[in-house]
Every structure is written in structure tokens, then in C-alpha cells.
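Welcome! Open your viewer, keep the selection tool handy, and let's walk through this structure together.

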Amino acid sequence: MPGLDKQNDNKHLHDLERRTREGLFICNGCKELGFGNCYKCPWVWFCDYVLHVGCISEGRTPLSNPLFKNCKFQFYQKNPLTVAQICHICALDIQGRMYHCSKGKYSLHPYCATLQTSFSLRDYDMKIKLRRGTKLNFFKSKCLKCNRKNRSSNDVQCLSYVSSDGNLCYHVACMKEACRDNWNKGYFRPGSETNEQSKFLALQNLAPKVELSSVGQTSEVSLITFLKLVVYAILGEPFDLIAPLFQFSQN
């Protein structure tokens with residue numbers, strides 16, 4: 001069963017060991033970005049094979065997801081269909097391992113399939129929920145990254161994390177891209193600077209359409225809390241590298 005310290009993957013020669021990577025990696029199974037916990041080949045000096053915990057091929061049982069009722073998702077090492085598939089959570093192309101539902105209607109990245117549908121942190125009043133906008137249930141606000149309610153140009157709509165009051169919204173795909181951008185700029189790297197300027201720039205990259213200095217103190221606290229919750233939800237676990245970015249000195 002996935003979750004053990006060592007796992008076999010039938011696409012790789014060596015047994016894989018469970019590790020915690022400091023920073024981002026590209027999963028050899030689904031070709032998507034990964035964060036933190038993973039399975040890694042121990043022969044590190046000549047092999048960089050790494051998988052999300054959810055992309056191990058052994059021991060996968062059908063998966064249920066509360067966002068797709070009455071569907072059972074089967075794990076596949078490659079697309080079982082003759083046409084390219086799009087993830088019905090982030091609306092990005094599926095290029096490797098995937099889940100496909102028994103009804104033949106939905107496909108998911110393995111990582112997206114395990115995103116929490118409701119997320120909160122201890123000592124925070126705010127909760128965020130993974131939601132799908134519909135004609136009868138429009139979000140109150142646009143995504144803080146792309147400034148749109150729907151970023152998808154195809155029939156598959158990207159889902160969003162939305163604050164409990166509905167006033168703050170962030171597309172899953174936009175946050176995945178923002179996390180990668182911040183990593184490339186050095187904000188999510190071990191030993192990177194965490195001065196006030198770098199924190200501000202990292203937050204500015206997460207919410208480029210918002211002028212932090214132009215909102216009131218209460219609104220700014222709510223905004224930063226929301227961003228923190230969404231980053232943690234997308235990363236899939238408390239991620240120590242980004243915690244200092246949300247800790248500002250008190251003036």
C-alpha cells in the first residue's frame with residue numbers, strides 16, 4: 001500500500017524510498033510539480049527518479065472524490081483513451097499518470113485528486129473550500145492571480161479555492177503556477193532571503209492585481225490569511241519554507 005517507507009514502481013528498476021524534498025520537483029509519473037513528501041530512487045548519484053506519493057503504481061485502489069459524486073476513479077499509468085485528457089480540477093493537460101472515472105466523463109491528475117476540498121489551519125478563523133463555479137453559483141470575486149472568474153478556454157472549468165465568505169477566490173491552476181514562479185525567483189528555496197522586501201515581492205507575485213498598501217489593515221490580514229491557506233492547501237502539507245513569507249514585522 002502507498003505510504004510505506006519503501007515502494008516498488010513497475011516503471012523503475014530500483015525500489016523507491018520515501019523522502020521529504022526541500023522544494024519543488026517534477027514527478028516522473030504524472031509530469032506535474034511536486035512538493036515535500038515523495039518517493040525517490042536511493043541511487044541519487046546517477047538517478048533522479050522521483051514520484052508523488054499519490055503516483056506510485058503499486059497498490060492503487062479505486063478512488064472516490066466528493067466533488068464528483070457517484071464516480072469511482074481508477075488509476076492508470078498512461079491515458080487509457082485515444083484522445084488527450086484534461087484534469088477536471090485544474091483544467092491543465094494530463095501528460096502522464098492519471099485517474100479516470102468509471103463513467104468515462106472525468107479525468108484527474110493524481111495530485112489534484114487528493115487536494116483537500118475544505119482546508120483550515122489551527123488558530124485561524126478562516127476556512128477555504130474547493131469549489132466549482134456554475135451558472136447558478138457565481139463567485140463574488142475574481143481570481144487574485146489572473147483576475148478572471150473562469151480561466152479555462154475549453155469546456156473543462158478550473159476549480160477554485162474560495163474563502164468562507166466568498167469574497168476571495170484563487171484558481172487551483174493559478175496557484176500551482178504562482179508557486180512555481182516563486183520557486184524560480186528564489187522565494188521558496190532553502191536558505192533564501194526572508195527580509196521584508198522579499199516577502200512583499202513573493203506576496204505581490206501571488207496577488208499581482210492587489211495593492212497591499214492600499215487596503216485597510218483588516219482586509220490585508222484577511223488577504224494574507226487567505227493566501228497562506230491556499231498555498232498550504234496546494235502544497236498538500238505544512239511547508240516550512242514558505243511560512244516566513246507570511247510573518248511580517250509589526251510597525
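A nonpolar core here is a set of buried Ala, Val, Leu, Ile, Met, Phe, Trp, Tyr and Cys residues joined through side-chain atoms within 4.5 Å. Keep in mind that you are looking at a predicted model.

Start by selecting I89, Y161, Y170 and M175: of the 56 residues in the largest nonpolar core, these touch the most other members. Now colour β3 (33–40), β5, β6, α1 (110–113), β9, α2 (172–184), α3 (196–206) and α4 (217–235), each of which supplies at least two residues of this core. The most come from α4, which gives 11 residues.

Next, zoom in on M175. Leaving aside neighbours within four places in sequence, M175 is in contact with Y170, L206, L227, V230, V231 and I234. For a contrast, select L16, F25, C47 and L51, which are included in a second, separate core of 13 residues.

Move on to I128, in strand β9 (residues 128–131). Is I128 buried or exposed? Its relative accessibility is 0%, so I128 counts as buried. Beyond its neighbours within four places in sequence, the contacts of I128 include F119, Y161, F226 and A233. Try the distance tool on the last pair: the C-alpha atoms of I128 and A233 are separated by 8.9 Å, although the two residues are 105 residues apart along the chain.

Finish at the open sheet, where three strands lie in the order β5-β6-β7 with antiparallel pairing. Both β5 (73–76) and β7 (107–108) stand at the edges with a single partner strand each, so one side of each has no neighbour in the sheet. Four bridges join β5 to β6 (residues 98–101); select F75 and you will find Y99 of β6 opposite.

Key. Residues numbered from 1 in each chain as written. Predicted model: local features only at pLDDT ≥ 70, side-chain atom pairs only at ≥ 80, totals over all residues. Heavy atoms only, no water. Pairing = 2+ DSSP bridges. Buried < 20%, exposed > 50% of the residue type's maximum accessible area, 1.4 Å probe, protein only. Contact = heavy atoms within 4.5 Å.
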